[in-house]
Amino acid sequence: MTDALGWRKKFGVLGPSTNTIVQPDFDDLRPPGVTNHYSRIIIQDANAISDETFMAGTIEISENTAAAVRGVLTCKPDYLVMGMSAVTFYGGVKGGTEWKKRIEEIAELKLSVGSEAVADALDACGSRNVAFMSPYYPVANREVSRYLSDRGFNVVRDSCLRCPSWTAIAEVPESRVASVFRELDGDDVDALVQVGTNLSAIRLAAGAERLLGKPVIAINTATYWHALRANGIDDRVMGFGRLLEEF
């Protein structure tokens, strides 16, 4: 017997309770026969974030992920998708792989994470020299740079918005994201990347990609693309950039 709506796959999505972007983003990206079942990682909204408090807040998310996994398992999903990206970059490829493995062992299911998805997306596009933006603080951007460097990419430059709370990330207007993309772009960059799952960019990135003539990868698009392809779902989803349309 198969699920009446999720007859192809049921995805269990893990995201912070403060995140209001990743759930509607993933629903917009899903093809017919795939359903998303969101499980909230319960946390408090961060306040007056600094390098130190940002890291502490993300570690709280990491520590509370197991409870969200146990909650979503009750709907018997086929696969898990991580709707929070920062911790998946920590410690470079070694640290990210170990974190992913721990969650997979708890769930006894496979998992797509943002760090691996972004790197795989850049590989698919044939990009090596990249620039990225985040809503994070510098300490977390350094971890993203470390991960991408471990995967063989050259990080030319980066930008962090230093959002003052978790919920404030979702309040960043698209005009600000577009402005940062323009600041990061240059002839020395093959691709632009946006990380931070509570930052709305899946449509903006697709538009920027057409305008700039190079890959512009939003992490929510990359993560969902990774989950679909890992499950043998090759549907071309239109309107969200080359990644879902061509690869």
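Helices (H or I, at least four residues) and strands (E, at least two) are DSSP runs, numbered from the N terminus. The model is predicted: local features need pLDDT of at least 70, side-chain atom pairs count only at pLDDT 80 or more, and totals for chains, interfaces and linings use all residues. Residues are numbered from 1 along each chain as its sequence is written, and side-chain values use heavy atoms, with hydrogens and water left out.

**View 1. T65 in helix α2.**
T65 is found in helix α2. Is T65 buried or exposed? T65 counts as buried because its relative accessibility is 0%. Buried means under 20% relative accessible area, exposed over 50%, and partly exposed in between (1.4 Å probe, protein chains only). Contact means heavy atoms within 4.5 Å. Leaving aside neighbours within four places in sequence, T65 is in contact with L14, I41, M82, W99 and I103. R40 lies 25 residues from T65 along the chain, and their C-alpha atoms are separated by 8.5 Å.

**View 2. Strands β1 and β2 with helix α1.**
Strand β1 covers residues 9–16 and pairs with β2 in the parallel sense, over 8 bridges. Two strands pair if DSSP finds at least two bridges between them. L14 stands opposite S39 in β2. Right-handed means that, with the strands pointing away from the viewer, the path from the first strand over the helix to the second runs clockwise.

**View 3. The largest cavity.**
On a 1 Å grid over the protein atoms alone, a cavity is a set of points where a 1.4 Å probe fits but cannot get out; lining residues have an atom within 4 Å of a point. The whole structure holds 2 cavities of 30 Å³ or more. The largest has about 180 Å³ of space. Its lining counts 17 residues, and P16, M84, W166, I169 and N198 lie nearest its centre. Helix α2 gives the most, with 3 residues. The lining divides into 10 nonpolar, 7 polar and no charged residues. Ala, Val, Leu, Ile, Met, Phe, Trp, Tyr, Cys and Pro count as nonpolar, Asp, Glu, Lys and Arg as charged, and the others, Gly among them, as polar.

**View 4. The second largest cavity.**
The second largest cavity has a volume of about 80 Å³. Grid points are joined across faces, edges and corners, and a volume is the space filled by probe spheres set on the points. Of the 13 lining residues, E209, V216, I217, F240 and L243 are closest to its centre.

How values were computed:
On a 1 Å grid over the protein atoms alone, a cavity is a set of points where a 1.4 Å probe fits but cannot get out, and a pocket is an open set with protein on both sides within 12 Å along at least five of seven lines; lining residues have an atom within 4 Å of a point.
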